[in-house]
Amino acid sequence: MVFPFRRDEAQLLHRFWFVIVLSLVMFAVSSCGNGSDKTGTPAAALRSISVSPESPTILMGKQQQFSATATYSDGSTKSPPAGLIWTSSNTAVATVDGSGLAKGVAPGNATISAAVDSVNGTSSTKVETVLATLDRSTDVAGPDKDNNGVRDDIDQVIAGFGLTASQTKGLTQFAAALQVAILNSPDRNTAYSNAVELHRGQECIFSQLRADSTKYTKQVKAFTLNTQPRVMAFVGFSRDASGAVYPQPTGTVCH
Amino acid sequence: MLRQLAALTVSVLLPLTPLASAAQTPGAGPGYVICYINGLSTDPIGAQDGLDALSALYGTQYNNEPVSYTLFYAPTDGLTQDVVNAFAQRVASSPGLTDRWELIWDTLDGGGGSISDLAIAENASLNGLVSDLRTTFLNDVSIKVKSLNANNEFQPALDQFTSALTMYYTQQKKTLVVAHSQGNVYLNAAYDTVKPQLKTDSLRTVHVATPTATVRDPQGGYVTSTTDLVIQALALTLGNVEPANTEGPILAALSSDSGFGHGFVDIYMNPNYKLLPAIKALADSNVQTLQSPSP
């Protein structure tokens, strides 16, 4: 086979065609990026932004991830273009960061907005304390779907404290002992035994958090004893447990 | 003289004997026992918190001897029941709005308001409920303490406490009892009962926020805050109460931080106030001079 060009001329020709092809590819890509479709018509304009979830309730101190969806003039929906800005109408109630992650600061209402230039979308947000979501059923026990001896809403309260696994376990031990105390203290002897277990739970969490432990045990107590039947059950337990001598629990206090 | 010499010899030689190591093991040997008698409107959880606060002061050893702790849980049901009744009346008058029984614990636990603050922030109309509860509590305090001795729960509880103190005496334990609020009424009565049996100063007392006219232990002492609203209310009713002797925290009119200025853990054992150093100094002076019980 005979080559019509010399070797260096062939290489030069290859480079020429490579540059041509590369230029065409870059042109096509940049055309898409400039809002033109395959036919070369202008891209659809951003018409609106929707924010979801629409009306969430955030517990105080908890976070809620918001997302934004853009709707274009051709009816298509997709992620908003770059430059999306998140804001809160009342940062004393809820704050939101640049990724749409909001945090409940205090009880109240706020509007979370996402905007690009003059186009924006909003979501009405209500921040509540954990008080608003406590179980208030008429029975003393309340729901305990995971059968760990602690009411499910109290499990959530404890999980929300952000303690270590060991501290959470200790506080759950305390909460379970409190639940037993209000459910099953029919006489003074049983009340005494239940008080001893309750104190063991306290000592378990006290051994880990020292003076800070009361901050958590007080809340668990108040949130557990949040209806009249539960308060009355605890008052009865306390009465039956009183007038007695309780040596400080020692040894292994955590289960 | 012979007995003193023997005691001196034992105290000098004791560290050289195998018994010395046993004496340094918490729970082994007689050592010390520190007891706590709770005040009014205290449930078993709050009472144990008080004992924990005391255990944080002395730990498990003192003078190379073990220290153990015991709670004398005094009955407080009457006052609690009155506040519960007051709350129930408010709920009945505006059901739904006020049916948040968790709010009652701020008042019963001493008037501080961390949970009340949350609820009021959510619904400002709950503010009146919280104020009413606190007023009910203060109004009832003096009535309950005044009639404490006549309460049919008083004597059985006192018998339990004095039995325990007698047991510590037979176990050769040096005993310090710290009482708070109405617990001081029990402590005075227990001291009067047990003290005649003792041959040495093996029992000492520390009175905190006492609603009594005197403290029986002549070596004992008391600490009462100048801003304790409960003791001030009691003084108005009872007339003859040991006067306040230690500067308390400045109270922002029943604020959530300080409540009634009366709580044992939140106020008196709070390291931010001058009350704790006063209690510690009093307790130290008593513990240092405690003597072993003589058989």
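**Close-up views of a predicted two-chain model**

**Figure 1. Confidence of the predicted model.** Two residues are in contact if their C-beta atoms, placed from the backbone, lie within 7 Å. The mean pLDDT of chain B is 83, with 85% of its residues at 70 or more. The model scores an ipTM of 0.86 and a pTM of 0.77. This is a predicted model, in which local features need pLDDT of at least 70 and side-chain atom pairs count only at pLDDT 80 or more, whereas totals for chains, interfaces and linings use all residues. Residues are numbered from 1 along each chain as its sequence is written, while chains are lettered from A and ligands numbered from 1 in the order in which they are written.

**Figure 2. The two domains of chain B.** Domain 1 of chain B covers 31–77 + 150–288, and domain 2 covers 78–146; the bounds come from an automatic or database domain assignment. The C-alpha centres of domain 1 of chain B and domain 2 of chain B are 26 Å apart. Their contact draws 23 residues from domain 1 of chain B and 20 residues from domain 2 of chain B. On the side of domain 1 of chain B that touches domain 2 of chain B, helix α10 (residues 229–238) of chain B gives the most, with six residues. Helices (H or I, at least four residues) and strands (E, at least two) are DSSP runs, numbered from the N terminus. By class, this side of domain 1 of chain B has nine nonpolar, eleven polar and three charged residues. Here Ala, Val, Leu, Ile, Met, Phe, Trp, Tyr, Cys and Pro count as nonpolar, Asp, Glu, Lys and Arg as charged, and the others, Gly among them, as polar.

**Figure 3. The contact between chain A and chain B.** The contact takes 37 residues from chain A and 42 residues from chain B. On the side of chain A that touches chain B, α4 (188–209), α5 (213–224), α6 (228–241) and β11 (244–247) of chain A each supply at least two residues. α5(A) gives the most to this side, with seven residues. By class, the side of chain A that touches chain B has 18 nonpolar, 14 polar and five charged residues.

**Figure 4. Strand β3 of chain B and its partners.** Strands of a sheet pair through backbone hydrogen bonds, either parallel or antiparallel; two strands pair if DSSP finds at least two bridges between them. Within chain B, strand β1 (residues 32–37) runs parallel to β3(B), joined to it by six bridges, and Tyr36(B) of chain B stands opposite Leu71(B). Strand β2 (residues 61–62) of chain B is antiparallel to β3(B), with two bridges, and Tyr62(B) stands opposite Glu65(B). β2(B) and β3(B) form a hairpin with two residues between them, and Asn63(B) in the turn has a positive phi of about 55°. Seven of the nine residues of β3(B) are buried, so this strand is largely enclosed by the rest of the structure. A residue is buried if 20 or more other C-beta atoms lie within 10 Å of its own, exposed if 12 or fewer, and partly exposed in between, with C-beta atoms placed from the backbone.

**Figure 5. An open sheet in chain A.** Chain A has six helices and eleven strands. Four of its strands form an open sheet in the order β2-β10-β9-β6, with mixed pairing. β2 (57–59) and β6 (85–88) of chain A are the edge strands, each pairing on one side only. From one strand to the next, the twist averages 30°. β6(A) and strand β9 (residues 108–116) of chain A run antiparallel and are joined by four bridges; Ser88(A) stands opposite Ile112(A) in β9(A).

**Figure 6. Helix packing in chain A.** α4(A) and α5(A) pack at an angle of about 145°, and their axes are 9 Å apart. Gln202(A), Ile205(A), Phe206(A) and Leu209(A) of α4(A) make the contact with Ser213(A), Tyr216(A) and Thr217(A) of α5(A). By class, this contact has four nonpolar, three polar and no charged residues. Axes are lines fitted to C-alpha atoms, for helices over the stretch in contact, and angles run from 0 to 180 degrees between N-to-C directions. Of the 255 residues of chain A, 33% count as buried.

Terms used
pLDDT = per-residue confidence, 0-100.
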